[in-house]
Amino acid sequence: MRVDYPTLAKTVAALTAGEHDPVALMATVVCELHHADDRFDWTGFYRVVAPGVLKIGPYQGGHGCLTIPFDRGVCGAAARTGKVQIVADVEAFAGHIACSSTTRSEIVLPVWDADGQLLGVLDVDSDRPEAFEQADAEGLGAILRQVFGRA
Ligand code: SME
């Protein structure tokens with residue numbers, strides 16, 4: 001099963017209409033995403049809770065690390081640089097945080113609110129190598145902008 005991003009965007013828009021609480025929005029987005037694609041083995045948000053510090057937010061999958069500093073891991077790199085990180089092989093990424101030994105590849109996107117403040121990152125991990133491509137960055141990014149970037 002492969003995600004259809006435009007359809008998913010519509011579903012998420014319908015489910016989150018009128019909701020502004022970031023954790024309620026994150027919980028709904030991860031649930032819809034996680035069950036939409038077989039590549040997604042761990043799907044979750046890390047939230048910026050202090051300068052340079054990410055804390056676990058809503059997620060689906062096995063146990064995730066609770067705290068990730070901006071200078072660590074793929075999530076930290078996305079938060080620090082504000083750029084989408086696509087890692088085809090986590091073993092080749094220096095500083096990757098191995099929360100699950102089954103993770104082979106991942107994509108992490110920064111998440112901003114309507115004021116351009118960094119809320120956190122969306123982390124999608126796969127047990128398949130080279131699972132993610134630019135189309136995922138675009139599809140996921142569009143959903144994040146639609147949900148968290150609206151005023
Ligand atoms: N993808 C992360 C770590 C895995 S999570 O804690 C589920 C990273 O290296 O940033």
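## The ligand and its surroundings

Around the ligand stand W42, Y46, C65, G73, V74, C75, H96, I97, C99, E106, D123 and D125, where a residue counts as near if one of its heavy atoms lies within 4 Å of the molecule. This is a predicted model, in which local features need pLDDT of at least 70 and side-chain atom pairs count only at pLDDT 80 or more, while totals for chains, interfaces and linings use all residues. Residues are numbered from 1 along each chain as its sequence is written, and side-chain values use heavy atoms, with hydrogens and water left out.

By class, this shell has 7 nonpolar, 2 polar and 3 charged residues; Ala, Val, Leu, Ile, Met, Phe, Trp, Tyr, Cys and Pro count as nonpolar, Asp, Glu, Lys and Arg as charged, and the others, Gly among them, as polar. The elements β1 (42-50), α3 (73-81) and β6 (118-126) each supply at least two residues of the shell, and α3 gives the most, with 3 residues. Such elements are DSSP runs numbered from the N terminus, with helices (H or I) of at least four residues and strands (E) of at least two.

## The cavity

Where does the ligand sit? The ligand sits in the largest cavity, which is to say that more than half of its atoms lie within 2 Å of the cavity's grid points. On a 1 Å grid over the protein atoms alone, a cavity is a set of points where a 1.4 Å probe fits but cannot get out, and lining residues have an atom within 4 Å of a point.

The structure holds 1 cavity of 30 Å³ or more, and about 180 Å³ of space lies in the largest cavity. Among the 17 residues that line the largest cavity, Y46, I97, C99, D123 and D125 are the closest to its centre. The lining of this cavity has 8 nonpolar, 6 polar and 3 charged residues, and α3 gives the most to it, with 3 residues.

Methods. 1 Å grid on protein atoms, 1.4 Å probe; cavity = no way out; pocket = protein on both sides within 12 Å on 5 of 7 lines; lining within 4 Å. Points joined across faces, edges and corners; volume = space filled by probe spheres on them.
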